[in-house]
Amino acid sequence: MLFKKIGVIGGGTMGQSIAEMLAAKGLDVLLVELSPNKLDYSIGMIETGLDKKLEKWAITQAEKKLILSRIHRSNLSDLSACDLIIETITEDLEAKVKLFKQLEEIVSEDIILTSNTSTLSLTELASATNHPERVIGLHWIYPVSSIDVVEIIRGLKTSDNTFEFTKNFAEEVLEKKGVMVYESPGFVTSRLICLHINEALHLLEEGVASAEDIDQAVRIGYKFQHGPFEMADRFGLDSVHAALDSMFREFGELKYRPSTILKKMVRAGQLGVKTGEGFFKYDKDGDRI
């Protein structure tokens, strides 16, 4: 199967990162958001990210222009021309089901529908569609452009054909390692990293060390790019809370119960980079202050 146009639905942090990565790989991206204002904001954030890479000599001015030229402001109705769809909206099963039902009226039945969900059931999502065999999970890790692995999640009815096409897309077109994961809340990466973050939160609650010192111990000691608290800030504290809460409800094990500190910060609206403040403070470009 030849992949030329990819639909990306959802222009949040992950949607922006996925769209930029696809465009950098030479694919045309049809980016869809709820409103023109949100779409403009998403494109603006992608451009800001490219400018930062430009400043660090990671890309050239010509490469920046080429990447942006491949990302097109689109509506759902435009996605009929796509070869594959990537959904990356909010982690809400009802919203995703509604979207996939809309997509079925727009795209032909041989087009693969992928979801970036990290905790929701692909089987449950697929079962709400008329063609569950073409629904599959593609769980990306942020920042998508620099992480060379993607989890490929099969639902109960995902066909072998869908899996092979998706694996080919990930490995041959995007040059990323596709790891097959059987459906389970949190899959591999989110399940492990959220427990890592939650345990760091318990250390903070117990007064064992400060957030800064815990981050430094992990970052320097184990050569992580970010410590658990900055990692949580960059994921979005609300996203970490939602993932942990979903796994806690599914597994019923106390280790998945979100820490009290995390709950308080989410209730206070201190969600990390997206709000400018979480465990640490950030400027409008997402850099630590």
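The following exercises, each with a worked solution, concern a predicted model.

Residues are numbered from 1 along each chain as its sequence is written, and side-chain values use heavy atoms, with hydrogens and water left out. Local features need pLDDT of at least 70 and side-chain atom pairs count only at pLDDT 80 or more, whereas totals for chains, interfaces and linings use all residues.

**Exercise 1. State where Asn116 lies, whether Asn116 is buried or exposed, and what the side chain of Asn116 reaches.**

Step 1. Asn116 belongs to the loop between β5 (112-115) and α5 (122-127). Helices (H or I, at least four residues) and strands (E, at least two) are DSSP runs, numbered from the N terminus.

Step 2. The relative accessible area of Asn116 is 11%, so this residue is buried. Buried means under 20% relative accessible area, exposed over 50%, and partly exposed in between, with a 1.4 Å probe and protein chains only.

Step 3. At 3.0 Å, the side chain of Asn116 reaches the backbone nitrogen of Trp140. A polar contact is a pair of N or O atoms within 3.5 Å; within protein, one must be able to donate a hydrogen and the other to accept it, and residues adjacent in sequence count only if both atoms are side-chain atoms.

Step 4. Not counting residues up to four places away in sequence, Asn116 touches Met14, Glu87, Thr88, Leu138, His139 and Trp140. Contact means heavy atoms within 4.5 Å.

**Exercise 2. Describe how α7 and α11 pack.**

Step 1. Helix α7 (residues 189-205) and helix α11 (residues 260-267) have axes 8 Å apart and pack at an angle of about 95°. Axes are lines fitted to C-alpha atoms, for helices over the stretch in contact, and angles run from 0 to 180 degrees between N-to-C directions.

Step 2. The two helices α7 and α11 are therefore roughly perpendicular to each other. Angles under 35 degrees count as roughly parallel, over 145 as roughly antiparallel, 65 to 115 as roughly perpendicular and the rest as oblique.

Step 3. From α7, Leu201, Leu204 and Glu205 meet Thr260, Ile261 and Leu262 of α11.

**Exercise 3. Which residues have the most contacts inside the largest nonpolar core?**

Step 1. A nonpolar core is a set of buried Ala, Val, Leu, Ile, Met, Phe, Trp, Tyr and Cys residues joined through side-chain atoms within 4.5 Å.

Step 2. The largest such core has 32 residues, and those with the most contacts inside it are Ile6, Ile18, Leu22, Leu31, Ile71, Trp140 and Phe169.

Step 3. Helix α1 (13-24) is one of the elements giving two or more residues to this core. With six residues, α1 supplies the largest share of this core.

Step 4. Another core, of 21 residues, lies apart from it and includes Ile85, Leu103, Val135 and Val181.
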